[in-house]
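Colleague: I am new to this structure and would like to learn how to read it. Could we go through it feature by feature?

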Amino acid sequence: MATYTSPSTDSSYASRAALWIGRILLAAAALLLIAHTLIYIHYAIGLMRFPFDYDQGEGFELVDTVMFSHGDWPYRSNEVYPFYASNYPPLFHLILVPFVWVFGPAYWYGRLMGFLGTLITASAIGYAVHREGRHRLIAIFSALAFLASNYIYHVGPLFRQHLFMVMFETVAVVVLARVTDRADRKWPRRTMIAGLALLICAGYTKQLAAATVAAVFVFLFLRNPRRAVAWAVPFAGVAGAIFLFINVSTHGEWWTNIIAANVNTFMPQQALDLFRQWWRLHWALVIMAGLFALYELYFARLSLYTIWWAAAIADSALSGKWGAGDSYFATAIAATCILSGIFAARTLRGMWNPADNPISRRLRVLWNRAGTRTVWIRAAALIAVPALYVIYGLSVIHMPTEGRFFGSLSDALNLTSSYGDRYAFYDSAGWVPGYATIGHVPSQTDINNGWRIVDILCASDKPAMSEEAGFSLQADRDVITNPTQLKNLYENDLYDPTNLVNAIRAHDFSVLIFRAQFYPPPVLDAAYEAYYPSEVIVMNGFNYEIWRPGPSQPERDATAAALADLAPGEEITQPISLEPDAAATWITHMLSRQHWERSESAPAANCTAQHYTRDNETLAVEVCPAGDGAELTFGAVATPE
Amino acid sequence: MRDIFRDDFTFTKRHLGVMLCAAGPVLIAAMLAAEWLDADSGGFGLVQRLGVVLGAAALVLGLSLIPLGNQPA
């Protein structure tokens, strides 16, 4: 199985034992990494069968794709109906446009493309490690280690462009890594064009690729500044021309939605917590990668892989932005897998050849003084390298905890769901702010509950304002708003919500569907005033609140005036156009906004009597049927002195 | 300086060391200057502390690279 060379023929019994222990550990690491890959495939297939948003934001990427399929830009004003714009570059969505033409709007092809992207990234990692280390098994381990990461597992098979960007970045780096190595010092033109084109693809898939672009040009500049500048100029020209073309075509909305809207609040503690979590899960690989980087820094030339690794880790600090998270480490994980793989392969094959310099000479003297025998070092490496892959495989364990196979397996391993009853999934990562609470495979109940929400949308011809696009897409209604985009723009003083607020107050939407309420405060205020929470439907462990229209604006104003004028002992009656049950729910919601708490309720004949308290005040409300609607009778209960 | 655009020019470990030695104190100074310019920000924060650590690390790395001389970076 392994291709590494055994210790020299005069090796001792101990080194032969090390060889066998190493082989056993290699087999254990292979089993673990293959198991992780199978779980990843199981998860990917499960997600492709799920017809709604699994991770918040997937549906908006599908909306972008649908808009491109109609020849429209998704970079538009958020202040006019349907109050929607995208904050992502176009490439991932453009690639998926033919699928929309053939299959219509659906999630499976975006998830399939994301999943295939991770397989291509893994293959590129394996290829790079094999090219630099000539060790087939370690190359395969490096590829599978990428897929085994909790972070990659999370995001890989989603309808999200992030890991498609990582794919372009990784392939670009692998293509360009040896471009400066020719004996005649020339940089092959075709290789350069291919690598730089892939970098442009990465940048136009997601803006975060800027760090990889910087890493590539730092590498080229260190090798030869003149040629680096000569290539940087046309590269910047092409990238800039595309940018200008889109910006002019969208009348500046590209800049507003792609650049300005992404200036979010930075939370250093979130970044720090995610770095700690990343280290706790990946330290076995990061140590090998770090040692390789130090080796290149002091005893060899810095490769593109090492510069990319450092840049990617630094770029991961952006995970502290509001709305960012663990996926921001994906590039760093890909680079870590390459560096650790090269380190492991060279260690097992004894391929180290440090340059002769003052530091290496001093180390050699210390080495000789310590009397260290090479055979012992080789024996230790034979055990340590596979042991690190075993430790990594155990550190990143994640798996479903229910189902015929996974239920029995998790019982046998004594693993229970990390999310309690919310959903059945064990995740060794634990949780820190910014870490996505996903990873389980949606159940048939989740699918059925999604269709229940779609049925609610289908009951009206009006569009719904939903925090996720999937329900509107399935109900064939307009997708209204991209909530986080509105929030980001609002916080940067780039969005005036007046039109949307007026539409909400006028009940232009059949229902509102909330999951996290990531809207600008004025939009939420209007929603709280004009709609009320009617029911909660659970899907994927998240509560989807269905908010229905309350009474009309004049009725709301009249009710507010009646309450303001109410004197102790007095009764005021106010008719409203909601059925009695809905009226009772609405008035409780409305009063809760004014800090009234419901204390008791009692049915009385056809009516419902409810009492509310606030500080030392008590308010009695009777809800009775009246024609097609209801009648509310308010009475301020006098408080004894 | 003009040599930098020679066709066979490449950066050495010494060049890299000098650049890191220059970048480290600049980073530390920037972190301290941020505190001086915005004294009401609530103290020397996490980002600033991290910046100082990175600046110091760059300085140490830079100093250790300078003795490696003309070996290519």
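Modeller: A:Ile24 is a place to start: it is found in helix α1 (residues 13-48) of chain A. Helices (H or I, at least four residues) and strands (E, at least two) are DSSP runs, numbered from the N terminus. This is a predicted model, in which local features need pLDDT of at least 70 and side-chain atom pairs count only at pLDDT 80 or more, while totals for chains, interfaces and linings use all residues. Residues are numbered from 1 along each chain as its sequence is written, and chains are lettered from A and ligands numbered from 1 in the order in which they are written.

Colleague: Which residues touch the most other members of the largest nonpolar core?

Modeller: In soluble globular proteins, nonpolar side chains tend to be buried together. A nonpolar core is a set of buried Ala, Val, Leu, Ile, Met, Phe, Trp, Tyr and Cys residues joined through C-beta atoms within 7 Å. Here the largest one has 193 residues, and those touching the most other members include A:Phe146, A:Trp308 and A:Trp309. Helix α14 (residues 330-349) of chain A gives the largest share of this core, 13 residues. Beyond its neighbours within four places in sequence, A:Trp309 is in contact (C-beta atoms, placed from the backbone, within 7 Å) with A:Ala289, A:Ala293, A:Ala335, A:Thr336 and A:Leu339.

Colleague: How do α21(A) and α22(A) pack?

Modeller: Two packed helices are described by the angle between their axes and the distance between the axes. Axes are lines fitted to C-alpha atoms, for helices over the stretch in contact, and angles run from 0 to 180 degrees between N-to-C directions. Helix α21 (residues 498-505) and helix α22 (residues 521-530) of chain A pack at about 10 degrees, with axes 9 Å apart.

Colleague: What is the strand order in the open sheet of 4 strands?

Modeller: Strands of a sheet pair through backbone hydrogen bonds, either parallel or antiparallel. Two strands pair if DSSP finds at least two bridges between them. The order is β3-β4-β6-β5 (chain A), with mixed pairing. β3 (465-466) and β5 (531-539) of chain A are the edge strands, each pairing on one side only. Strands β4 (residues 512-514) and β6 (residues 542-549) of chain A run antiparallel, joined by 3 bridges; A:Phe514 has A:Glu545 as its bridge partner in β6(A).

Colleague: Where does A:Phe83 lie?

Modeller: A:Phe83 is in the loop between α2 and α3 of chain A. Its phi is near 60 degrees, a positive value in a residue other than glycine. With 24 other C-beta atoms within 10 Å, A:Phe83 is buried. The peptide bond from A:Tyr81 to A:Pro82 is cis, with omega near 5 degrees.

Notes. Buried ≥ 20, exposed ≤ 12 C-beta atoms within 10 Å, placed from the backbone. Contact = placed C-beta atoms within 7 Å.
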